[in-house]
Amino acid sequence: MSSRSTFALVTGAARGIGKAIAIKLAADGYHVLINYRSNDAEAEKTIAQIVENGGVASLLKFNVSDREEVTRVLGGWLEQHPDSVIEVLINNAGIRNDNLLMWMEPADWDGVIDTNLTGMYNVTKTLINQMLLNRYGRIVNIVSLSGLKGVAGQMNYSAAKAGVIGATKALAQEVGKRGITVNAVAPGYIKTDMTQDINEKEAKVMIPANRFGEPEEVAELVSFLASRKASYITAEVISINGGLYS
Ligand code: NAI
């Protein structure tokens, strides 16, 4: 259990996996900062659910891919809360925009890289100094099976997630001595808006567990990696995919 003055920031937390992680970290005792880009109503619903469970959360609206906005909103929050510590960062915000390379427009490439990879840089860069000074931190980056295996039609997304995996391993080496762990979690098919266009009945035949995963199952793993119990696990990529790929 952490005290209520220690914060956990979850990006893209208004729905899906990010929402489940925010709810779980609030149950673990963190004051959760719910980052979201645009959907005020969904973000309010996430807060309401956390409060209903007896937790504490606040909204922090910014677009992770907009460096100026991240600096202004998240950097501004740090300045306004000099006695607060964000000790857990979950880089979850992500988009996919699939197409075979022959049809992939520059904007499809840029958008996916900017959100998934550069967004992680923008947010982590803003928070790392405080974590280093605090000599404690937990960073968990949500990547994907696509970043490990490569998936046809997802050259942009596979590259972005593989980039985050490289960044995870590099940053872990930079900050390990200061008590900060940096890990990545690589989900397979999880039931969220992102996978609603995929037919589970057809796709599940490839999955040993014979089903898609639930966001709450990913949240359990993230909660562990974000806890003090996971103090000697760093620079790792942990798959959570029902046995689909190992
Ligand atoms: P989702 O689409 O339901 O949620 C993604 C969230 O990120 C949304 O709330 C969205 O508004 C937010 N977001 C997107 N761009 C943003 C930006 N620029 N700034 C701030 N927030 C932004 O998708 P889901 O499934 O919950 O995905 C969460 C993470 O898990 C993503 O990084 C995704 O790539 C990853 N993932 C999901 C898998 C799945 O099967 N659902 C499989 C593997 C990885």
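The largest pocket has a volume of about 1,100 Å³. Among the 46 residues lining this pocket, Gly94, Ile95, Tyr157, Thr192 and Met194 are the closest to its centre. A pocket is an open set of points on a 1 Å grid over the protein atoms alone, where a 1.4 Å probe fits, with protein on both sides within 12 Å along at least five of seven lines; lining residues have an atom within 4 Å of a point. Points are joined across faces, edges and corners, and the volume is the space filled by probe spheres set on them.

The model is predicted: local features need pLDDT of at least 70, side-chain atom pairs count only at pLDDT 80 or more, and totals for chains, interfaces and linings use all residues. Residues are numbered from 1 along each chain as its sequence is written, and side-chain values use heavy atoms, without hydrogens and water.

Each element below supplies at least two residues of the pocket lining. Helices (H or I, at least four residues) and strands (E, at least two) are DSSP runs, numbered from the N terminus.

| Element | Residues |
|---|---|
| α1 | 16-27 |
| β2 | 31-36 |
| α5 | 145-149 |
| α6 | 155-175 |

Helix α4 spans residues 106-134. It bends by about 40° at Thr118, the angle between axes fitted to the seven residues ending there and the seven starting there. Just after α4, Arg135 has a positive phi of about 55°.

The chain has 8 helices and 7 strands. Its C-alpha atoms fill a box of roughly 50 × 40 × 35 Å along the principal axes.

Technical notes: Expected span 1.5 Å × (residues − 1).
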